[in-house]
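Here are my notes on the structure, written as numbered points. Please read them with the model open beside you.

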Amino acid sequence: MISLAQRKRHNWPDGARCVVGLTLDFDGTSLERGRGQLPLGARSHGRYSAKCGIPRFVDMFARQSVPWTLYVSGYDAEEHPDLVRDISRSGVEIGSHGYLHEGIDPGDAEPELLERTHKVLTDITGIAPRGWRSPSGHKTARTLRKLRELGYIYDSSDKDFDLPYLARYDGAEREDYVCLPNNTSSLDDFPFYRVSYTPPSEVLTHWKQEFDAIYSEGGYFNLTVHPRIGYGSGSPARVAVVERLIEYIKPHEDVRLVGMLELAQWCLERPSDWRRDWSGQ
Amino acid sequence: MTTQIVPVAVTVNLHGKTVEARHLTEDALFGRASYGKYAYAVGCERLFGLFDRLGIKTTVFVPGAEADANPAYVAALAARGHEVAAHGWAMEEMDAEDIDERALLERTHAVLTRIVGREPRGFRAPHGRLTQHTLRHLADLGYLYDASFQDDDHPYRLDADGGRGMIEVPHAEILVDRTLYAQRQTHDRVMKTWWEEIEAMHREHCLISMTLHPRSDYGSGRASRIAALDNLFSLLRNLAGITFLTCEQIAEPKG
C-alpha cells in the first residue's frame, strides 16, 4: 500500500481535488494579559481585532461567501461575548485557543485552562467547541488527553505533515481524533508581517505559490491569519490580500473550501484513509 | 577551447526531530515542536525525489542519532547514489564544555559505517561549531574533508589548521536555506538572492555550495519550496560548465 504522504489522490469531500481551510485566530488582548501587560499604547494591537479586524474579515468572507473557522481564547470571548455569539450564529465554527493565549506550556495548569475556555465558549455560543488550535503552538501529549476527554475531535496545531492524519500519542493511534496541521512558517501571516516585514503584495504572491504547489498534488491548504494589527492581517491592505487569494483560488477546478470541523468529521468517518506511516518516527 | 568547469555541491543537512529532542521529551514533540518530524514524514522524500528526478547526487550530512533512528532510510539514500557524511551525534555544539568530542565523533563514525557499509569521508559540524581539536580528531579517524568553514571561494588544504592531509570544502552562509527561511523570506526573495549570488560566483568560477534542510520551517521540504528549487536548478543548469559533484568528489586528490 502506498503511504499517505506518497499518495497522488486523496478522498476529499464532494470528490474535490484539493481542500482549502481559511482559519482566523482572534488574538485579542488575551496575549498581552497573558504576559501580565496592559494592552495600552504600543501594546494595544489586540484591541484592533474586535474593533476593526474581525468586522472587516466578516464582511469580506460574506462578500466571497466562503466558509471559515474562528479560534478564540477564553478571555477574548469573555471580553466580546456578543461578537463571538453573532459569528457563531451566522454558522461559523468557533474553536478554542487557550484561555489567556498561553505563550508557553502552562504545565499542570493546562487541563483547568482548557476546561475553563471550553465552558466559556459553550456558555456564550450554546455549542460545545470540538476543535482546538494551540496558542503559540505549544502542545503536548497531556494537551491531547484533556482535549479528548472534553469531547474534542481535532486540533489544528501540528507542523509535521501536509495532510490530515489520525493522532498518535501515548503509543497508540486514535481513530476518534484527527490532526489538521497548519504551518506557521509559510502559510501564516505572522512570519511575513512581523519577522521579515514583507510587503502585502509579495505575501499574496507567496501564498498563491503555496496554493499552486498544494493544488498540483491534490492536497490540503490551510491558511492561518489573525485579525490583529501589527503581526496580523486585520488592516485594509492585508484583508485585501486574503480576499485576492480567495479570488485566485476559487476558479480552480474541483477546489472545495471547508470549515475545519466539517473536514475533521469527514476524515473521522473514514479513518483508514488518514492513517499515516509512522516508521522511523 | 574547453569550457571551464564550475563545480556545484548540493548538500543536505539531515535535521529531523533530533533538533527538538535536544530540549524536549517525545511527549512534547507536537505543535511548533513538531517541525522536525516533517523531515522523515514528508520533507526528505520531496527533496531527494527532486534530486533523483534531476539526476543530482548530493552530499547528505547525517547526525549519528538520526541515522540510528532511521537506518533503512539512510542506507537507501546511499544506495541511491548520495554521499552520506557525518554531522555530529545529536546536534550538540562541539565546543560545549560538557561533551566528549572524540567519543561523539567516533560514535557517529561507527553508526554511519555500520548502516552505510562504508566509512564516511566527510564531516560538517552541527551549528558550524568546532574546537581547536576537531580537525585533528577527524584526521585521526581517516576523514578526507571537512565542510564546516565559510572562508573561501575554493577548496583548500587543512594541514595548517590541524587537519593533516585533509581538504576543506567550504560553503556559503547565504546559500544555506535556513539563513533566509528562518528569517521568513518569501520563496521569490530567497530565489532572487540565490540567483544573484550564484550568477556572480559562476562568473568567477567559484565553488558553488548549496545547503538545504528537509524541514518545513527553516528548510526546503514544502511542496512550494521544492517547486522554487526546481525552477532555480533549471536556470542553474543553463550556465556554462556547471558540474554537480559530491563533496567527496570535490575533495578527492586529482589523478
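1. Salt bridges overall. The count comes to 43 salt bridges over all chains. Keep in mind that this is a predicted model. One of the bridges pairs Glu175(A) with Arg275(A), whose closest N and O atoms are 2.2 Å apart. The two partners come from distant parts of the chain, 100 residues apart. Glu175(A) sits in strand S7 (residues 172-179) of chain A, and Arg275(A) in the segment after H10 of chain A. Glu175(A) is partly exposed, at 46% relative accessible area. Arg275(A) is also partly exposed, at 31%.

2. Arg102(B) and its partners. Which residues does Arg102(B) bridge to? One is Glu106(B), with the closest N and O atoms 2.9 Å apart. Both residues belong to helix H5 (residues 101-116) of chain B. They are four residues apart, about one turn of the helix. Another partner is Asp140(B), at 3.0 Å from N to O. Asp140(B) lies in helix H6 (residues 134-140) of chain B and Arg102(B) in helix H5, so this bridge ties together parts that are 38 residues apart in sequence. Arg102(B) has a relative accessible area of 26%, so it is partly exposed. Glu106(B) is partly exposed at 36%. Asp140(B) counts as partly exposed, at 36% relative accessibility.

3. A network in chain A. Arg63(A), Glu243(A), Arg244(A) and Glu247(A) form one network. The salt bridges that join them share partners.

4. Glu83(B) lies in strand S3 (residues 83-86) of chain B. Glu83(B) does make a side-chain polar contact of 3.0 Å with Thr59(B). Leaving aside residues up to four places away in sequence, Glu83(B) touches Thr58(B), Thr59(B), Val60(B), Gly122(B), Tyr145(B), Thr246(B), Cys247(B) and Glu248(B).

5. The interface in outline. How many residues of chain A are in contact with chain B? The count is 43 residues of chain A, against 32 residues of chain B. The two chains bury about 3,000 Å² between them. Carbon and sulfur atoms account for 46% of that area. In chain A, the residues that lose the most area to chain B are Lys159(A), Ser185(A) and Gln281(A). Together they make up 18% of what that side buries.

6. Five salt bridges are counted between chain A and chain B. One of the salt bridges in the model joins the side chains of Arg145(A) and Asp27(B), at 3.4 Å from N to O.

7. Four elements of chain A each supply at least two residues to the side that touches chain B: helix H6 (141-149), strand S6 (165-169), helix H7 (190-195) and helix H8 (200-216). H8(A) gives the most, with seven residues. By class, this side of chain A has 13 nonpolar, 18 polar and 12 charged residues.

8. Two positive phi values. Most residues other than glycine have a negative phi. Asp27(A) is not a glycine, yet has a positive phi of about 40°. Asp27(A) falls in the loop between strand S1 (18-25) and helix H1 (30-34) of chain A. Asp27(A) is buried, with a relative accessible area of 2%. Ser136(A) also has a positive phi, near 65°. Ser136(A) falls in the loop between strand S4 (131-132) and H6 of chain A. Ser136(A) is partly exposed, at 35% relative accessible area.

9. Helix H10 of chain A. This helix (residues 260-269) is mostly covered. Of its 10 residues, seven are buried. The buried residues are Met260(A), Leu261(A), Leu263(A), Ala264(A), Trp266(A), Cys267(A) and Leu268(A).

How values were computed
Residues numbered from 1 in each chain as written. Chains lettered and ligands numbered in written order. Predicted model: local features only at pLDDT ≥ 70, side-chain atom pairs only at ≥ 80, totals over all residues. Heavy atoms only, no water. Buried < 20%, exposed > 50% of the residue type's maximum accessible area, 1.4 Å probe, protein only. Polar contact = N/O pair within 3.5 Å; in protein donor to acceptor, adjacent residues only side chain to side chain. Contact = heavy atoms within 4.5 Å. Buried area = accessible area lost by both parts, 1.4 Å probe. Salt bridge = Lys/Arg side-chain N within 4 Å of Asp/Glu carboxyl O. Nonpolar A, V, L, I, M, F, W, Y, C, P; charged D, E, K, R; others polar.
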